[in-house]
Amino acid sequence: MAEQPRDTGNWAKPTSTLTVTDAPAGAPNLVDGKRLLSPVQGFGKMWQKTYKVRLDGIETTPQAVIAEWRENFASFWPKGNDFYPPLTGLEPGEVALIKAAGPGGMKFKTGVMVLYADDESFTLMTPEGHMFAGWITFSAHEEAGRPVAQTQVLMRAQDPISEMGLAMGGHRMENKFWEQTLANLAAHLGVEEPEVTTTVTCVDRKRQWSQAGNVRNSVAIRSTLHMLKPGKKTAG
Amino acid sequence: MTEATLSMGVRRIDDTASVLDIQGDITAFSEEALMDAYTEGAADGVKAVILNFSGLEYMNSGGIGLLVTVLVRANRAKQRLLAFGLTEHYREIFELTRLDEAIGIYATEADALAAAA
């Protein structure tokens with residue numbers, strides 16, 4: 001029998017659409033049946049955003065940081081944003097639901113799938129109906145002998161409405177969101193006055209007009225309709 | 001995993017295509033090796049750059065992100081990005097991440113070269 005690659009078991013199994021199982025009661029489930037979207041299927045400019053915090057003054061390892069982060073992922077999110085992890089934890093293939101603050105006071109209801117997880121990193125991938133198409137990788141490693149925690153986003157806005165929203169304050173909100181998340185993580189680990197650095201790179205300035213039809217799953221439209229709908233669809 | 005354990009070979013097949021032979025691991029720390037190989041393989045206006053994954057031993061999500069970046073560079077240069085030599089496991093990852101919709105995947109080098117011609 002051929003030897004299995006070392007990453008076998010770290011990746012989610014292939015799936016055509018998302019299925020939410022055992023989500024907490026009351027969590028907004030607008031992702032059941034939705035397809036995953038990589039940056040290739042997105043509409044807007046492609047961005048790579050890297051947020052980093054040095055874990056100075058504490059004794060820890062990248063593995064210990066990731067274990068803690070995965071276990072308590074939701075607790076590090078800034079106030080006013082809700083992450084409903086799967087009951088089985090952030091394991092490859094599991095789906096989490098999200099209610100997050102968006103531009104203009106909107107509440108976006110969406111979700112993510114755990115694409116990949118090992119003891120030094122884990123990655124969430126977005127489905128149709130998210131503000132962006134892409135993935136977010138959370139990792140820890142050592143730089144100059146000191147542990148560092150990092151969030152890296154590779155994304156395009158999914159549709160023209162989201163692209164506009166990101167340009168009109170959405171990018172700024174997202175940056176603040178992950179900077180605060182990393183600061184919360186570092187503080188939880190015992191770092192005094194954590195300092196987060198942000199690096200933003202435009203990987204591709206071209207918009208993919210062939211993907212403009214993603215607007216039919218626009219998170220802004222769907223979240224608004226969900227808010228107005230009597231007897232809202234929730235998990236549980 | 002913070003060490004680069006990727007070695008790349010570059011073969012210019014003809015005026016149309018170059019093959020990049022991947023040996024080892026593709027992770028976020030492989031950026032320099034992969035991008036240097038792409039730059040060399042994509043030079044002189046080839047129409048297609050072909051990734052040979054036969055020697056791939058490990059890939060994490062940081063590695064998949066790098067492949068997206070290579071794809072953007074190829075698209076910008078109006079070059080096709082093709083691949084062959086993927087095991088069933090890595091084919092599944094390409095499907096899962098939907099990179100198979102943008103990178104043409106072939107069973108053998110001959111098939112990929114025929115597609116590039």
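Hi everyone, let's start with one pair of strands: strand E1 of chain A, residues 46-54, is joined to E8(A) by eight bridges, and the two run antiparallel. At one point along this pair, Met46(A) sits opposite Asp204(A) of E8(A). Before I go on, please keep in mind that this is a predicted model.

Now let's step back to the whole sheet. E1(A) and E8(A) belong to an open sheet of eight strands, with antiparallel pairing and the order E2-E3-E4-E5-E6-E7-E1-E8 in chain A. Which strands are at the edges? Those are strand E2 (82-84) and strand E8 (196-204) of chain A, and each of them pairs on one side only. From one strand to the next, the twist averages 20°.

There is a helix to look at here too. Helix H1 of chain A, residues 62-71, packs on the sheet, where it touches strand E5 (121-125), strand E6 (132-143) and strand E7 (146-157) of chain A. If you like angles, the direction of H1(A) makes about 140° with that of E6(A).

Let's move on to chain B. How many residues does each chain bring to the contact? Chain A brings 27 residues and chain B brings 23 residues. On the chain B side, the elements giving two or more residues are strand E3 (48-59), helix H2 (61-76) and helix H3 (88-96) of chain B. H2(B) gives the most, with seven residues. Sorted by class, the side of chain B that touches chain A has ten nonpolar, eight polar and five charged residues.

Note on methods. Residues are numbered from 1 along each chain as its sequence is written. Chains are lettered from A and ligands numbered from 1 in the order in which they are written. This is a predicted model: local features need pLDDT of at least 70, side-chain atom pairs count only at pLDDT 80 or more; totals for chains, interfaces and linings use all residues. Two strands pair if DSSP finds at least two bridges between them. Helices (H or I, at least four residues) and strands (E, at least two) are DSSP runs, numbered from the N terminus. Axes are lines fitted to C-alpha atoms, for helices over the stretch in contact, and angles run from 0 to 180 degrees between N-to-C directions. Two residues are in contact if their C-beta atoms, placed from the backbone, lie within 7 Å. Ala, Val, Leu, Ile, Met, Phe, Trp, Tyr, Cys and Pro count as nonpolar, Asp, Glu, Lys and Arg as charged, and the others, Gly among them, as polar.
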